[in-house]
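Hi everyone, thanks for coming. Today I'd like to walk you through one structure, so please have a look at it with me.

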Amino acid sequence: MLLFITLVSGLYPAIYITSFKPINILKGNQQIGSKSLLTSVLLTFQFTLAIISIVTGVAFVQTNYINANRDWGYTSADKIIVNVPSSQDYIPPKNKLSALASVTEIIGSQDFVGNWIREEEIVFQDEKYEISLLNAEATYPELLYLKLKEGRMFNPELISDTQESILVNEAFLDRLGLSFPVDEKITIDSASYAVVGVVEDFHTVFFQMSIEPMAIIASPDTTFNYLTLKMTPGTAASSMQAVKKIWHETIPRGLFEGKLQTEVFDHEFNDVTGVSNILLFSAILAVVLAALGLFGLVSLNMNSRIKDFCVRKVFGADLGDLSMKLAKRYLIIWGIASLLGGGLSIVLVSTFLNSFFAFHSGVGVIPLGLGLLVLFLVIAGTVSSQIWKIVRANPATILKAE
């Protein structure tokens, strides 16, 4: 590709220059830098790509900002998650961690919010549905401060709540077309469960995925794959080393995979930040290339018409008239590129964001406006730099060469 571009970029000017007749050049009859349809088309295409690149980068940054400040639907602060490698390893670390002064509560769960949660097939009115199923102790929803919308939370004192009751989210009711209270029971793995409450939707996985229907089953404290430690306010991060030490003392051959609940989406945030940086770099590069191409064309155009401009200056043409004469062609190109780039950005960037995020900012006024403004400023700056040369030029010196 590098070899091809190098050859092509050198071949065109070589062919163009060799087509000149020396006698015409020496007589001054050879016209250089005429308005070429090809150069206008290429510059329009370059501007269009620059606009799309800017809109993509800005829309992605906007989406990252929105998601970074999005309400997860639960309280993640002051909680540490630790893994339990096997069932025989469950009780010893739980008992020792409970004795840690900064730990106020420990709750077990099969999975944890912020990680992949197993999917389960349920049956309701002879119809089958795929949902996410979270199995945890009865007080797990309260540990996360899930927001109760209707009904009630689990009551650990009720045997029925730990054997035949479930909590569901709003997406669950929407998927099954239900409203609370739900009179009929839900069948999960051949067992029947009654819906005792509905919690507001919350993010169990990163914002690239939509919120799926979920049911929470309360189980008695037996053995789980994870322990969630509720810490005294402000001590979670500082207590991590002590938690890790106790964990290794009780499970010396295990692999510690503990993390703060606030860190469950850090890996995904880092990924999308990396993509965002790449897109911003591409946008900057596209603008620089467009500016270089524009500068070359404007310079060539001005040099080929410098005497015309000087004559106009001698006869009293003002700065605005000269500027419009030089900028008119490029403003038309900018207008065409704005229509093409803006329209393509709405379609392409929206499609790109839809494929990347379930929740995003979309292509709004800010990305489009910034893309068009940046290109306009590039044109204004480039044309202004060349107009300044005309303003400073001495018409007598330049016309004397004729």
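Let me start with a question: how many salt bridges does the structure hold? The structure holds seven, where a salt bridge is a side-chain nitrogen of Lys or Arg within 4 Å of a carboxyl oxygen of Asp or Glu.

Before the details, a word on where this comes from. This is a predicted model, in which local features need pLDDT of at least 70 and side-chain atom pairs count only at pLDDT 80 or more, while totals for chains, interfaces and linings use all residues. Residues are numbered from 1 along each chain as its sequence is written, and side-chain values use heavy atoms, with hydrogens and water left out.

Now the overall picture. The chain has twelve helices and eleven strands; these are DSSP runs numbered from the N terminus, helices being H or I with at least four residues and strands E with at least two. Of its 402 residues, 42% count as buried. Buried means under 20% relative accessible area, exposed means over 50%, and partly exposed lies in between, using a 1.4 Å probe and protein chains only. If we take the contacts (heavy atoms within 4.5 Å) with a separation of 6 or more, 82% are between residues 24 or more positions apart.

Let's go inside. The largest nonpolar core has 61 residues, and F47 and Y140 touch the most other members. By nonpolar core I mean a set of buried Ala, Val, Leu, Ile, Met, Phe, Trp, Tyr and Cys residues joined through side-chain atoms within 4.5 Å. Several elements supply at least two residues each, among them α3 (37–68), β4 (127–136) and α11 (365–392). The largest share is from α8, with ten residues. And which residues does F47 touch, leaving aside those up to four places away in sequence? They are A290, L294, I333, W334, A337, L375 and I379. There is also a second, separate core of 20 residues, including I106, A236, I246 and I251.

E137 pairs with K94, and their closest N and O atoms are 3.3 Å apart. This one links distant parts of the chain: E137 sits in the loop between β4 and α5, K94 in helix α4 (residues 91–98), and they are 43 residues apart. Are these two partners buried or exposed? E137 is buried, at 12% relative accessible area, and K94 is buried too, at 9%.

Next, R118 bridges to E120, with the closest N and O atoms 3.0 Å apart. R118 is partly exposed at 29%, whereas E120 is buried at 18%.

R175 belongs to helix α6 (residues 170–176) and E212 to the loop between β8 and β9, 37 residues apart. R175 is partly exposed at 42%, and E212 is partly exposed at 36%.

Keep E212 in mind for the last stop, the cavity. The structure holds one cavity of 30 Å³ or more. On a 1 Å grid over the protein atoms alone, a cavity is a set of points where a 1.4 Å probe fits but cannot get out, and lining residues have an atom within 4 Å of a point. The lining of the largest cavity consists of S132, N169, F202, T204, I211, E212 and M214.

That's my tour, thank you. Happy to take questions!

Methods. 1 Å grid on protein atoms, 1.4 Å probe; cavity = no way out; pocket = protein on both sides within 12 Å on 5 of 7 lines; lining within 4 Å. Points joined across faces, edges and corners; volume = space filled by probe spheres on them.
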